Amino acid sequence: MILSVRDLRVSFRTHDGPVRAIDGVSFDLEESEILGVVGESGSGKTVSLLAVMGLITDPNATIEGSIRYKGRELVGLPPRELRRLRGNEIAMIFQDPMTALTPVYTIGWQIAEQIRAHRGVSKAKAMARVEELLAEVNFPNPREAMSRYPHQLSGGMRQRAVIAMALSCDPALLVADEPTTALDVTVQAGILDLVRKLRATHKSAVVFITHDMGVVSELADRVMVMYAGRVVERGTRTELFSDPRHPYTRALLGSIPPLTGQKPRRLPAIPGSPPSLLRLPQGCAFGPRCPVRYEPCEADKPGLGKGAHAAACFRVAQA
Amino acid sequence: MSEAMMDADRPILETRSLAKRFSIGTRFSAEGRRTVHAVDNVSLTVRRGETVGLVGESGCGKSTLARCLVRLYDITDGMLLFEGDDITSKSLSELRPLRRRLQMVFQDPSASLNPRRRVGDLVAEPLRIHGKLSAKEITARVAELFELVGLLPDHVMRYPHEFSGGQRQRVGIARAIALNPDLVVLDEPVSALDVSVQAQIVNLLADLQEKLKLTYIFIAHDLSVVRQVSTRIAVMYLGSIVEEGPAEEVFATPAHPYSQALISAVPVVETTPTGVRKRIILTGDVPSPLKPPSGCRFHPRCPIAAERCRSERPELQEHRPGRKVACHFPTLT
């Protein structure tokens, strides 16, 4: 077991009152497994992973629950200890590669610095490793790319450079937060291929956050669907896409226009919009938009249950 | 009657070899003054009542073309005709009466709506500028528009930040249709919205098109959304159209190698494990429009490029009624 998260709760104190961004999220991750986390803005998918990496430094935040990495508790670990893990054993890729790169140093220097910081090797050795890494992420001319500055690269190349940086220390866990959202589909296809290849060669476990159901269905082994800070459904890719159970998962899949076959005259749309975390309904957060809600949904929040394929919905529990 | 029929046949908007070039740098900068060929030799006909989808990677010139079509940019070369009338170089004052009939909806509604004004005011603004309506009539028209786009009557007093992304885009749409336009250019109207909200806006646009007999030019990078909305699509690469045809046909049997790669790259939800769809992965990046490649602009990345493609640029040709391809070796089934 690489990662085991239990009952994670993250809340923020704000001017408008407390906001519970994450409300009881639990999941496990095995070696060389890809977990897809799907959700819209405000669903808590990013915050939960920032918590895992110890990157929530806001003094107004409270983090409760347990996050175990290879059996070691990360919640409450001193920043120094966390820093030793981050970038070394736990690597990250974000949506905008420019935020992970400094504009004033060359790509080669930046990746080498990370290797030297964590591994203490000589500069020459680090540079040789950088060249290997850039070749691995399909830079046609890695030696030349090392001397480039971030602004001289295209978006897709920058993201590949960030991936090379993330892989520089052979991470056991790679967290990718919407890494392809800002990219064109043609470039995205290449990056997804790369993630698949890396899982195979480096045996890294991957948490892949996205809002794109298509990406998840092509990449993930297991999927977790989030809504308003809670996991509403989890299961293997096949389970989730061939037998979606939660009304939200079903509705979301139904609202995606097909790429082949007959065009529907109208798309089956979900009414309303995702709720504000400041004003969550009393019962099920999806209730106000749900086509199958009934009385119990208004009183209580449905639990996810124990099964491998589970949905947090009273209707599903009843069936 | 016959006049109405002629009207339906006549293209509402037409471009002939339209080009837009930008100059960048000065003669003092390292590379000197250079020219970006953002849109190059685009001939596109838009008929009344249809939706033309423009697709292509970022930097392919689709947004620049859209802005040229509503004359937000000045056109460098070629012609732009609106209902057969040459508007390529009309002055701003001459364009004014046309603006009413040619509207645009932008990607980010929070950037295109003034945060300090109430949304009722924002929707009333075009009516005040163009219309000859009394204050009372304007209020009534705003209420009507709000209902049309699915907003509540008491929303008029709110400010843009009080709305969700989807509602803000509804305000943007209400503003665009306020003056009963004929043609609306939609530049990535759903891209900034949450997935669960996109379908609502797509449906709203379809309803409005039917009710108000609108013609759309629709730009989006999400290909499945474009297919859903469009009757016809034009695939752009490096400033030019490489393929054009009925949306469903182009998606089912793309003829240009670039369209094939683009469509194959879209991740789709498959209930059974993958393997059916073959993906074409393009090598390299889109070349810079500062120095476009010789011959066919796609040849450096094309899996089937031959000698001829390096030297000779293929024209956009009609291979079958309604299906145009700019390729020496198109896949025509």
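In this predicted model, Arg320(B) stands opposite Arg323(B), a residue of strand 12 of chain B. Strand 12 (residues 323-325) and strand 11 of chain B run antiparallel and are joined by three bridges.

Both strands belong to an open sheet of eight strands in chain B, with the order 6-7-8-3-9-10-12-11 and mixed pairing. Strand 6 and strand 11 of chain B are its edges, each pairing on one side only. On average, neighbouring strands of the sheet are turned by 25° against each other, direction ignored. Helix 11 of chain B lies across strand 9 and strand 10 of chain B, and its direction makes an angle of about 105° with strand 9.

| Element (chain B) | Residues |
|---|---|
| Strand 6 | 102-105 |
| Strand 11 | 317-320 |
| Strand 9 | 232-237 |
| Strand 10 | 240-246 |
| Helix 11 | 257-264 |

The largest nonpolar core holds 187 residues, of which Phe208(A), Ile217(B) and Val235(B) touch the most other members. Helix 6 (residues 155-167) of chain A supplies the largest share, eight residues. Because domain 1 (2-101 + 181-325) and domain 2 (115-179) of chain B both give residues to this core, it lies between them. Beyond its neighbours within four places in sequence, Ile217(B) is in contact with residues including Val46(B), Leu69(B) and Val185(B).

Between the chains, 36 residues of chain A are in contact with 36 residues of chain B. Helix 7 of chain A gives the most to the side of chain A that touches chain B, namely six residues. That side comprises 16 nonpolar, 13 polar and seven charged residues.

Technical notes:
Residues are numbered from 1 along each chain as its sequence is written. Chains are lettered from A and ligands numbered from 1 in the order in which they are written. This is a predicted model: local features need pLDDT of at least 70, side-chain atom pairs count only at pLDDT 80 or more; totals for chains, interfaces and linings use all residues. A nonpolar core is a set of buried Ala, Val, Leu, Ile, Met, Phe, Trp, Tyr and Cys residues joined through C-beta atoms within 7 Å. A residue is buried if 20 or more other C-beta atoms lie within 10 Å of its own, exposed if 12 or fewer, and partly exposed in between; C-beta atoms are placed from the backbone. Helices (H or I, at least four residues) and strands (E, at least two) are DSSP runs, numbered from the N terminus. Domain bounds come from an automatic or database domain assignment. Two residues are in contact if their C-beta atoms, placed from the backbone, lie within 7 Å. Ala, Val, Leu, Ile, Met, Phe, Trp, Tyr, Cys and Pro count as nonpolar, Asp, Glu, Lys and Arg as charged, and the others, Gly among them, as polar. Two strands pair if DSSP finds at least two bridges between them. Axes are lines fitted to C-alpha atoms, for helices over the stretch in contact, and angles run from 0 to 180 degrees between N-to-C directions.
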